[in-house]
Amino acid sequence: MSVAAAIGDTMKDASGQEPPKKAGRFVPYMLMAPGMLWLAIFFVVPIASLFLTSLQTPVPGGQVGEFEQTFNFANYVNTLTDDTYYVPLIRSFVYSGIATLLALAIGYPLAYAIAFKSGKNRNLLLVMVIAPFFVSFILRTIAWRQILADEGFVVGILRSIGLVSETGGLYPSAFAVIMGLTYNFLPFMTLPIYASLERVDPRLIEASGDLYAHPFTGFRKVTFPLSMPGVVAGTLLTFIPAAGDYVNAALLGRPSNTMIGNRIEYTFLSVNDYPTAAVLSFILMACILAMVLVYVRRVGTEDLV
Amino acid sequence: MAKHDITQAEGDLYLENLTKAFGDFKAVNDLSLQVPQGSFFALLGPSGCGKTTTLRMVAGLEDPTAGNIRIGDSDITYTKPYARPVNTVFQNYALFPHMDIYENVAFGLKRRGVKDTQKQVDDALELIQLSSVAKRKPTQLSGGQQQRVALARAIVNRPAVLLLDEPLGALDLKLRRQMQLELKRIQTEVGLTFIHVTHDQEEAMTMADTVAVMNEGVIEQMGPPTDLYESPKTAFVANFLGQSNLFPAKIVELSGEDLILEDIDGRYIMPMSRVSDRVSTTAGTGVLVGVRPEKIAITRFADAGEAPTHGNFVDGHVLSMSFLGVSTQYEVRTRGGDMINVFSQNLDVHNVLPPGTEVRLSWLPHHGFVLSGGEDIHAGMDQAS
């Protein structure tokens, strides 16, 4: 036995650690097992089932909602070429895209202020960001109906200063839907950005100032790039659920503001056209996946610390 | 965005009556000093002495409560950090983790609107002998390499003053020694004014032309390292820089150029040139006599013979002896009860003196020094590194 090995053994004994057993190799897999099992049952199985549903065709002469398993890929072509489906799909991405940008515009300064300027109020401010979660998502969205109603004070003030015409209103409208999305997903934008900013070493910002960077340049060259992981996480956490959301469009919009989530719900539950609803779900998933891949590729977070 | 103007200045750095208060606590108290252009200046002191605060005020990262900072004729007291011709090597290096080494070094040049940074960055990387890592990220470098990159990132801008905040603190002892020589070489080569803040007295003495010892917000003493070591003016400096034996005595008389002192162990002669200017020379005044342990000769009392006529001596017995390799350290209790440390060079290891041996300690008058009796004998002792 070499001296180094002998020292190694002595140190192991001293620290009370046993040499790794063979069973140790399986520990990571055992730790993963519950999660993997959960995903297998509640994600893989339903997805497979949904995919099979998307390829079904109606039973000839059958009742409404009666389908047989086929492999009719024409379902996808038919749905994608039907403007009652692809228009809400595009609208969903426009609405959620605008809501994501708005949430970033509001959430980034908020996260920045909490991370760098809040002093001892930091925890209080963080609680306030999370506080809306104490009230149900549906209730909060309905509350916005009240706030934006024609009789409400917001519209009253806007009418009196002429920003909204005497007969005009804010609810129901595309504006109300986008505002609802922005509001509901703001914490999902703010918190990851805060987490990233909070880890930025203030000495790096001092160093940028010491190296002739004006505070604004220092932000652009140092602080913002270092907060990119939070920005990426925040935009994904906002854009993905917002694109599939149907609550805001249902509660704050007109039929002309329908998003893809509403179409899926309607097709599934009211029309009972399960294959088309399944097709829409898959198209939505595929579009989001494609956009996220392009986005993450372009922004590229792997270089960041 | 338009490029802002950076103050153009060169010349000596002046701190005038600089004060920084945090509430009631004065971190820096009415500090004045002048750092000659092109010199290597060290601010040395224990943690909390105000040296880092002083540095941050020069960098513009803290605003002084009172006083002025000038470089040559330009007052930069309230100039924003990004407009000062001053760069800092931060203690933790503060390299930008999302940029590679080249981009880190080019950062300051780009901010000043330099279009072609290639030549200057290459030269800076060559100066620190790290040309090969230009495309790597800071996390892929060792601590010593990161330290040198931080230095290059500051030096490439040719600032009027370069600040180093405990730059070697995170390195291991061997690398630190190597970097000390490296820093000194680079400073000589580029000829910039370096202000180096450290709590490590060896580091300060190795590199700096001038050392200012700082304690509790004020400068205790300032001068070339040899002056500080040989002629400390306060007990703090005597104890913080190396080791000193300090013991109280009273002035008997001033005889020509010599001061005659006395304590329970006997009489000592000290040349006036070795007496701190803070000491009043009237007879009866209490003073502290100081001698460095390595300047004392130790001999068996039995072999001492006649009392030396030109030297100072005390008698006592060895309390403890420890063998240190190059020297042997003795702890001696004098007959009067004072404790005195002696470092004796190991010329002949068979001649060590075991504890209990009666000995005579002697030193040449100009090897000792005299401090004011009002000083705290133990000042700076437990803070010495």
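This is a predicted model: local features need pLDDT of at least 70, side-chain atom pairs count only at pLDDT 80 or more; totals for chains, interfaces and linings use all residues.
Chain B contains 9 helices and 20 strands. The C-alpha trace of chain B spans about 80 × 45 × 35 Å along its principal axes. Of the 385 residues in chain B, 42% are buried. The domain assignment divides chain B into domain 1 (13-230) and domain 2 (243-371). Taken over C-alpha atoms, the centres of domain 1 and domain 2 of chain B are separated by 40 Å.

One open sheet of chain B has 4 strands, in the order β2-β1-β4-β5, and its pairing is antiparallel. The edges are formed by β2 (25-35) and β5 (74-75) of chain B, each of which pairs on one side only. Strand β4 (residues 66-71) of chain B is joined to β5(B) by 2 bridges, and the two run antiparallel. Asp75(B) in β5(B) is the bridge partner of Arg70(B).

Strand β3 (residues 40-44) of chain B is mostly covered, with 5 of its 5 residues buried. Side chains in a regular strand alternate between the two faces of the sheet. In β3(B), both faces are covered. Phe40(B), Ala42(B) and Leu44(B) are buried on one side, and Phe41(B) and Leu43(B) on the other. Two parallel pairings involve β3(B). With strand β8 (residues 193-198) of chain B, β3(B) pairs in the parallel sense over 5 bridges. Here Phe41(B) stands opposite Ile195(B). With strand β9 (residues 210-215) of chain B, β3(B) is joined by 4 bridges, again in parallel. In this pairing Phe41(B) has Thr210(B) as its bridge partner, while Leu43(B) stands opposite Ala212(B).

Strand β9(B) is largely enclosed by the rest of the structure, because 6 of its 6 residues are buried. Both faces of β9(B) are covered. One side holds Thr210(B), Ala212(B) and Met214(B), and the other holds Val211(B), Val213(B) and Asn215(B). Strand β9(B) also pairs with strand β10 (residues 218-223) of chain B, in the antiparallel sense and over 5 bridges. Met214(B) has Ile219(B) in β10(B) as its bridge partner. The hairpin of β9(B) and β10(B) has 2 residues between the strands. In this hairpin, Glu216(B) takes a positive phi near 50°.

The buried residues include Gln146(B), Arg148(B), Val149(B), Leu151(B), Arg153(B) and Ile155(B). The buried residues of α4(B) pack against β6, α2, α3 (118-127), β7 (161-165) and α5 (173-190) of chain B.

A further open sheet of chain B has 5 strands, in the order β15-β19-β16-β17-β18, with antiparallel pairing. The edge strands are β15 (297-300) and β18 (339-345) of chain B, and each pairs on one side only. From one strand to the next, the twist averages 45°. Within this sheet, strand β16 (residues 312-323) and strand β17 (residues 327-334) of chain B pair in the antiparallel sense over 7 bridges. Met321(B) stands opposite Tyr330(B) in β17(B).

The contact between the chains takes 20 residues from chain B and 19 residues from chain A. On the side of chain B that touches chain A, β6 (86-89) and α2 (101-111) of chain B each supply at least two residues. Helix α2(B) gives the most, with 3 residues. By type, the residues on this side of chain B divide into 11 nonpolar, 7 polar and 2 charged. Both β6 and α2 of chain B are also among the elements that pack against the buried residues of α4(B).

Key
Residues are numbered from 1 along each chain as its sequence is written. Chains are lettered from A and ligands numbered from 1 in the order in which they are written. Two strands pair if DSSP finds at least two bridges between them. Axes are lines fitted to C-alpha atoms, for helices over the stretch in contact, and angles run from 0 to 180 degrees between N-to-C directions. Two residues are in contact if their C-beta atoms, placed from the backbone, lie within 7 Å. Ala, Val, Leu, Ile, Met, Phe, Trp, Tyr, Cys and Pro count as nonpolar, Asp, Glu, Lys and Arg as charged, and the others, Gly among them, as polar. A residue is buried if 20 or more other C-beta atoms lie within 10 Å of its own, exposed if 12 or fewer, and partly exposed in between; C-beta atoms are placed from the backbone. Domain bounds come from an automatic or database domain assignment.
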